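Dear colleague,

Please find below the structure that I am handing over to you. My notes on what was found in it follow directly after.

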Amino acid sequence: MSQVKHISIDTPDEEVLRIIDEDAAVIIDEVIPESEIDQILKELDPYIEGNLKGADEFTGFETSRVGALIARSRGCRDLAMHNKINSLASEFLEPHCENYQLHFTSLINIGPGETKQILHRDRGLWGGYISRKIETQFAVVWAASDFTYENGATQLVPGSHKWDAKREPMEDEITYAEMKKGSVLLYTGSVLHGGGDNTSEDIRSGIFMHFAPGWIRQQENQYLSCPPEIAKDLSPELRSLIGYSKGGYVMGFYSDPKNTDGTLESVTPEKIFSNTKDKYTVLASPEDLVKESTKEKK
């Protein structure tokens, strides 16, 4: 059977990315203490208690989900800004974009009796319209409980990101992301994966935070999940990460419909919170802008 490689937090970025390039998945063991996870679960407890389970086989009849993690949990804000994870996300995604963004957040609890989720590629969200030469996601799963084969650890097919899209895995090519609470699983949007079946009496709990290029439509609408009245209390860096920034010179600007003096006309979303200029405020020349917008990246 294939295996997901386990590494430590001290592993150099280039080695982590080499493994991801080869396998499309890797586990970094025991990145944060269990106490931090427990605090996050405490913050999310009011939303977990009344959360409904899935309505179909894909979402899982014994699986519940809680979103809007940036708005609801201070601890999740820290996870989203984790230095190691963001360094890796940046290096992985930025060959295909000028900047990246937080694409999706969810606490996913797989309960006892849940069956295996069908294996899928997350890039399918965009219906196959994006070239497979471009990696669309850098997926991050924080283990909020131990992940075991018995309680529904994520199924993975290492190396399947390089397969023909129609190839189906053999049973011995499927492995499980078993890891300790506080560890983190990293995988790409092109790898075959899915939730495991839970034959235990315990809940498998994972905090999912996916990153994507800044030019792509986010899976979770962060502007509704974390509206300006909440986002104003976040750090500028975190606000930018969830999308309150431009993804390019004219990508993602806004105009305040109530403003009449022209000061909030076609400006960066950062203007909602301050007068801070963004990196696209000053360009060297129109020629450079055109070159930037038409450049090809391999």
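Helices (H or I, at least four residues) and strands (E, at least two) are DSSP runs, numbered from the N terminus. This is a predicted model, in which local features need pLDDT of at least 70, side-chain atom pairs count only at pLDDT 80 or more, and totals for chains, interfaces and linings use all residues. Residues are numbered from 1 along each chain as its sequence is written, and side-chain values use heavy atoms, with hydrogens and water left out.

The C-alpha trace spans about 60 × 45 × 40 Å along its principal axes. The radius of gyration, taken over C-alpha atoms, is compared with a globule rule of 2.2 Å times the number of residues to the power 0.38. For 298 residues a compact globule would have a value near 19 Å, and the 20 Å of the protein chain agrees with this. Of the 298 residues, 51% are buried, where buried means under 20% relative accessible area, exposed over 50%, and partly exposed in between (1.4 Å probe, protein chains only).

Helix H2 covers residues 34–49. The expected span of a helix is 1.5 Å times one less than its number of residues; the 16 residues of H2 should therefore span 22 Å, and the end C-alpha atoms are 21 Å apart, which agrees. H2 has a kink of about 45° at Glu43, shortly before the proline Pro46; the bend at a residue is the angle between axes fitted to the seven residues ending there and the seven starting there. Ile37, Ile40 and Leu44 are the buried residues of H2. An α-helix has 3.6 residues a turn, so residues three or four places apart point the same way. Among the elements that cover these buried residues are helix H4 (74–80) and strand S5 (138–143).

Three loop residues also deserve a look. Pro227 lies between helix H6 (222–225) and helix H7 (228–231), and is buried because its relative accessible area is 15%. Leaving aside residues up to four places away in sequence, Pro227 touches Gln222 and Tyr244, contact meaning heavy atoms within 4.5 Å.

Glu30, in the loop between strand S2 (25–28) and H2, has a positive phi near 45° although Glu30 is not glycine. Glu30 counts as exposed, at 56% relative accessibility. Ala68, in the loop between strand S3 (63–66) and H3, likewise has a positive phi, near 50°, but Ala68 is buried at 15%.

Yours sincerely
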